[in-house]
Amino acid sequence: MAYTPGTDIDGRQATLGTLRLGAVDSAGVAWFLQSLEGWDSSEVRSEFQDREADHGAWASPVYLGSRPVSLGGTVEAPDRASLDTALDTLYAAAALTDTTLTVWETTPKQATVRRSGKVLAQPVTDRTATWSVLMTAADPRRYGTTLQSGTTGLPATTGGLTWPITFPVTFSATTVSGQINAVNSGTLDTRPVLTITGPVVAPTVSALYPDGSVRQLVYSQDLVSGDVLVIDTDAHTVVLNGSTSRRRFMTVSGGWPTIPAGSSVNYQFQSGTYNATATLTAAWRSAWM
């Protein structure tokens, strides 16, 4: 059967690297995605210690483990040469290094995966074959495909008193808040990457939560013009200008700030000295279990 390049096939669609599954590629090869196991739930790490001389057990905190995902189906090509090329494409797509797996649900979601098992490809005829791959995501979260971001400068005050003054006095100063509102529409907390550009004196990033709690990242050093400090709240790294670790200069108060599921956080940029060109950028994706 001849297929039209670029068309979707009925059923679930996914993309592994650049290989579109559940669709017909530019060479007229039809990739049928017939199984997708592990995308529904990740592994779980927990322990239960039996109570001595009592019913039940003591339960440890429960954490999500890695997420193995098995994909499989059939592939149908116009001819034998096209089939061989298609299988080579599959081997390359199931990469040994980080690659993006995207599943095109109503709300598309993605995970960063690596090959964790043998790629199985069994020719059935000169034009068809069955295939399966096992990939594992070290981070179990399924992230939204849309990268959200916001940028702010330091808070500034405008208006106020102008001298000389005449009493009675009206205080009309307005503070323009240096905040970013970060919204996570998923079902699991997500961890942003925060980028500070100088010049700025000893910057602080405060995460203001809806319940009134605050978590702070306090950097004790100054950034000069052109400096870029990247804070990865998932990896717990602080890197200056793309290469130099500055983690030892960062004080984490209250824990590394995350964005809770179905909620939002205001990230506030602060410094003891105002500079109009200093900026804070937060980048994040909504995350699902």
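Here is a short chat about the strands, cores and ring contacts of this predicted model.

Reader: Before we dig in, what pLDDT do local features need here?
Author: Residues are numbered from 1 along each chain as its sequence is written, and side-chain values use heavy atoms, with hydrogens and water left out. This is a predicted model where totals for chains, interfaces and linings use all residues, side-chain atom pairs count only at pLDDT 80 or more, and local features need pLDDT of at least 70.

Reader: Why is strand β10 largely enclosed by the rest of the structure?
Author: Strands are DSSP E runs of at least two residues and helices are H or I runs of at least four, numbered from the N terminus. Buried means under 20% relative accessible area, exposed over 50% and partly exposed in between, with a 1.4 Å probe and protein chains only. β10 covers residues 99-103, and it is largely enclosed because the buried ones number four of the five.

Reader: Which residue in β11 is the bridge partner of Val103?
Author: Two strands pair if DSSP finds at least two bridges between them. β10 pairs with β11 (residues 109-115) in the antiparallel sense over five bridges, and the two form a hairpin with five residues between them. β1 (residues 14-16) also pairs antiparallel with β10, over three bridges, and there Ala14 stands opposite Val103. In β11, the partner of Val103 is Lys109.

Reader: And which ring does Lys109 lie over?
Author: A charge sits over a ring if NZ of Lys or CZ of Arg is within 6 Å of the ring centre and within 35 degrees of the ring normal. Arg51 does this over the face of Trp58, at 3.9 Å from the ring centre. For Lys109 the distance is 4.9 Å, and the ring is that of Trp288.

Reader: How many residues does the largest nonpolar core have?
Author: A nonpolar core is a set of buried Ala, Val, Leu, Ile, Met, Phe, Trp, Tyr and Cys residues joined through side-chain atoms within 4.5 Å. Leu16, Trp31 and Leu71 are among those with the most contacts inside the largest one. Elements giving two or more residues to this core include β1, α1 (80-93) and β10. A second, separate core has 26 residues, Trp256 among them, whereas the largest has 28.

Reader: In the open sheet of six strands, which strands stand at the edges?
Author: The order is β15-β27-β19-β22-β23-β24, with antiparallel pairing. Two strands have a single partner each, so one side of each is left without a neighbour in the sheet: β15 (148-153) and β24 (244-245).

Reader: What is the bridge partner of Leu208 in β21?
Author: Five bridges join β20 (residues 204-208) to β21 (residues 214-219), and the strands run antiparallel. They form a hairpin with five residues between them, and Gly212 in the turn has a positive phi of about 95 degrees. The partner of Leu208 is Val214.

Reader: Which residue forms an aromatic pair with Tyr219?
Author: Rings of Phe, Tyr and Trp (its six-membered ring) pair if their centres lie within 6.5 Å; planes under 30 degrees apart count as stacked, over 60 as edge-to-face and the rest as tilted. The whole structure has three such pairs. Tyr219 is in an edge-to-face one, 6.4 Å centre to centre with 90 degrees between the planes. The partner lies in the loop between β24 and β25, so the pair ties together parts that are 30 residues apart in sequence, and that partner is Phe249.
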